[in-house]
Amino acid sequence: MEKKNLSKEYREIMAEAKVMVLTSAMKDSVCDMDAGEVMTTAKALILVNRLIDLCGDVFEKQDRLMDKLDKFMDRCLVEED
């Protein structure tokens, strides 16, 4: 069974999603907004972008932690034999 690189797959999907969200938000709403509303929307999109990146970082840390736990459990099983 091939082990997927879930972190890489997550990053690729989220990069695509960021572009889609940004494009649709700007296309649909900028025409009807004043400068303040445009700035608020831009800030919101930046925050969403940062949140998506943070989720990816947490996912990667969790993945590394699980790898460490697997190695530790393997060592414990070997020592018991």
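C55 is partly exposed in this predicted model, with a relative accessible area of 39%, where partly exposed is the range between buried (under 20% relative accessible area) and exposed (over 50%), computed with a 1.4 Å probe on protein chains only. C76 also counts as partly exposed, at 24% relative accessibility, and the structure holds zero disulfides, a disulfide being a pair of cysteine sulfur atoms within 2.5 Å.

Because the model is predicted, local features need pLDDT of at least 70 and side-chain atom pairs count only at pLDDT 80 or more, while totals for chains, interfaces and linings use all residues. Residues are numbered from 1 along each chain as its sequence is written, and side-chain values use heavy atoms, without hydrogens and water.

The protein has two helices and zero strands, taken as DSSP runs (H or I of at least four residues for helices, E of at least two for strands) numbered from the N terminus. Of its 81 residues, 9% count as buried.

Helix α2 spans residues 35–80 and contains R64; M66 is also found in helix α2.

| Residue | Relative accessible area |
|---|---|
| R64 | 46% |
| M66 | 41% |

R64 gathers with K61, K68, K71 and R75 in a patch of positive charge on the surface, whereas M66 forms a nonpolar surface patch with L69, F72 and M73, whose accessible area together is about 370 Å². Patches are made of residues with over 30% relative accessible area and no salt bridge, like charges being joined within 9 Å and nonpolar side chains within 5 Å; a salt bridge is a Lys or Arg side-chain nitrogen within 4 Å of an Asp or Glu carboxyl oxygen.

How values were computed
Accessible areas come from the Shrake-Rupley method with a 1.4 Å probe; for residues, only the protein chains shown count as cover. Lys and Arg count as positive and Asp and Glu as negative; His and the chain ends are not counted. The place of a charge is taken as NZ of Lys, CZ of Arg, CG of Asp or CD of Glu.
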